[in-house]
Amino acid sequence: MCALTRGYVYVRHGGRGPVAALLAALSVVSLWGCRAGAHTEPEPPLVAAGPAYQGRTHPERVASDGVTVVVGDPQAPLTVHVYLDPRCPVCREFEDNGGRELTPLVSNRLVKVEYTMASFLDDSQGGTGSKKAVNALRAAVDAGRFAEYLTVLYEEQPEEGEDGFTDEFLIDKAYYVPDLVTPEFQDAVKTMKYADFVDRSEHAFEESGVPGTPVLEINGTRLEKNFADVPFNRPKFQQLLQKIIQQPQRWR
């Protein structure tokens, strides 16, 4: 099993400050919305911070720390940091739900997403699938196709204990991403070109103090464990992001 399930998402700075108040307000609104006969005013739509990117691709790069993969406008007002392991089924659940809410916000330059990729499930489940997948994802950054490839790998994710992220699997699934499969990409997958990146990324994950995956931080603050379900509920997560964008001073 993953080291972290939906019931365990932690706060970096404890206490009941503005972050907790904002999340509590979100929880109350969500509960009211489920009551029979209840009525809530719809949230106003988010306004793009800049011209939207065309197509499915976004700027992608490895940050100056050498391990964090960043997707989106560097000047975006909101930063969502995601800690993940490619073999983690709960990470897939997040990507299938809240993760899909990030795409239009990245396209409209309102959000940039940072990824720290762990590979600890190889130790607990056996095999090398997480390491191989992180290596392949790093190779996809070179082609500017990291975000698309990550989506594909979670859509096609093998069972957690199967160790199914083989070289053949990773290359085969890469054909679902336009322009990703090149001789350079295939060579990077087969030779573990980015093995050093994989090791350093896992070390960064361990040093972060994050207890497992997935864990989210928004502008440097982790979601509280009492609200761990929010990223797995698309309407709630969209509402949370919208509130933070509109009231950034309350998310400190």
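**Notes on helix H9**

1. Within H9, the buried residues are Phe 197, Val 198, Ser 201, Glu 202 and Phe 205. Their directions span an arc of only 135° around the axis, so they lie on the same side of H9. Glu 206 and Glu 207, on the other side of H9, are exposed. The model is a predicted one.

2. H9 runs over residues 195–208, 14 residues in total. From first C-alpha to last it reaches 20 Å, close to the 20 Å expected at 1.5 Å a residue. Gly 209 follows H9 and has a positive phi, near 85°.

3. What do the buried residues of H9 pack against? Their partners are strands S1 (60–62), S2 (69–71), S3 (78–84) and S4 (111–117), together with helix H5 (129–142).

4. There are 6 aromatic pairs in the structure. In the pair of Tyr 83 and Phe 205, the ring centres are 6.5 Å apart and the planes stand at 55°, so the pair is tilted. Because Tyr 83 belongs to strand S3 and Phe 205 to helix H9, this pair ties together parts that are 122 residues apart in sequence.

5. Tyr 83 counts as buried because its relative accessibility is 6%. Phe 205 is likewise buried, with a relative accessible area of 5%. Tyr 83 and Phe 205 form one aromatic cluster with Phe 120.

6. Arg 138 places its charged end over the ring of Tyr 194, 4.3 Å from the ring centre. The charged end of Arg 138 also sits over the ring of Phe 197, at 5.8 Å from its centre. Phe 197 is one of the buried residues in H9.

Methods:
Residues are numbered from 1 along each chain as its sequence is written. This is a predicted model: local features need pLDDT of at least 70, side-chain atom pairs count only at pLDDT 80 or more; totals for chains, interfaces and linings use all residues. Side-chain values use heavy atoms; hydrogens and water are left out. Helices (H or I, at least four residues) and strands (E, at least two) are DSSP runs, numbered from the N terminus. The expected span of a helix is 1.5 Å times one less than its number of residues. Buried means under 20% relative accessible area, exposed over 50%, partly exposed in between (1.4 Å probe, protein chains only). The arc is that of the directions from the helix axis to the C-beta atoms. Contact means heavy atoms within 4.5 Å. Rings of Phe, Tyr and Trp (its six-membered ring) pair if their centres lie within 6.5 Å; planes under 30 degrees apart count as stacked, over 60 as edge-to-face and the rest as tilted. A charge sits over a ring if NZ of Lys or CZ of Arg is within 6 Å of the ring centre and within 35 degrees of the ring normal.
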